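Have your viewer open and try each task before reading on.

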Amino acid sequence: MKTVPPNNTAIVNAVREFIASTLSTSVEKVTLEKSLFHDLGVDGDDALDLINGFSVKFNVSLKGFDFQKYFGNEAASGPVAFFVELFKKESSGKLLRLEVADLVRAASNGSFLDDASS
């Protein structure tokens with residue numbers, strides 16, 4: 001996504017607090033330039049829950065949002081999980097960055113304008 005610097009302090013703080021609460025981490029760790037997947041480690045079902053919860057809380061449409069561009073699938077537990085994790089590490093460089101600032105912009109606009117391909 002093309003990040004536009006957010007200018008509404010109230011929305012910035014609300015989005016950061018929502019993400020921190022959802023991830024059970026401190027607000028200080030949730031800075032605007034952090035990528036949900038690459039920096040904060042959000043993936044799979046946790047990412048889906050976060051994005052869906054974000055959509056509801058901030059009244060953001062998910063129309064046109066391509067989840068798989070930004071997040072991988074949840075790894076299964078068991079002996080196969082080790083190999084799945086290895087593959088995820090190799091393919092994680094191919095996932096686009098969805099930064100906290102992108103969520104702030106979406107909360108401001110009411111939708112994800114998924115323009116990563118442009």
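**Exercise 1.** Describe how helix 1 and helix 4 pack, giving the angle and the distance between their axes.

*Solution.* Step 1: locate helix 1 at residues 9-23 and helix 4 at residues 100-109; helices (H or I, at least four residues) are DSSP runs, numbered from the N terminus. This is a predicted model, in which local features need pLDDT of at least 70, side-chain atom pairs count only at pLDDT 80 or more, and totals for chains, interfaces and linings use all residues. Residues are numbered from 1 along each chain as its sequence is written, and side-chain values use heavy atoms, with hydrogens and water left out.

Step 1: helix 1 and helix 4 pack at an angle of about 120°, and their axes are 9 Å apart. Axes here are lines fitted to C-alpha atoms, for helices over the stretch in contact, and angles run from 0 to 180 degrees between N-to-C directions.

Step 2: that angle makes helix 1 oblique to helix 4. The scheme counts angles under 35 degrees as roughly parallel, over 145 as roughly antiparallel, 65 to 115 as roughly perpendicular and the rest as oblique.

Step 3: from helix 1, the residues I11, V12, V15, R16 and I19 meet V100, L103, V104, A107 and S108 of helix 4. By class, this contact of helix 1 with helix 4 has eight nonpolar, one polar and one charged residues (Ala, Val, Leu, Ile, Met, Phe, Trp, Tyr, Cys and Pro count as nonpolar, Asp, Glu, Lys and Arg as charged, and the others, Gly among them, as polar).

**Exercise 2.** Which residues of the largest nonpolar core touch the most other members?

*Solution.* Step 1: a nonpolar core is a set of buried Ala, Val, Leu, Ile, Met, Phe, Trp, Tyr and Cys residues joined through side-chain atoms within 4.5 Å. Buried means under 20% relative accessible area, exposed over 50%, partly exposed in between (1.4 Å probe, protein chains only).

Step 1: of the 27 residues in this core, V15, I19, L36, F54, F71, L98 and L103 touch the most other members. Helix 1, helix 2 (44-57) and helix 4 are the elements that give two or more residues to the core.

Step 2: take I19 and leave aside its neighbours within four places in sequence; I19 is then in contact (heavy atoms within 4.5 Å) with V30, L36, L40, L50, V100 and L103.

Step 3: L98 lies in the loop between helix 3 (79-91) and helix 4. L98 is buried, with a relative accessible area of 1%.

**Exercise 3.** How many residues of helix 4 are buried, and what comes just after this helix?

*Solution.* Step 1: eight of the 10 residues of helix 4 are buried, among them D102 and R105. The buried residues of helix 4 pack against helix 1 and helix 2.

Step 1: just after helix 4, G110 takes a positive phi of about 85°.
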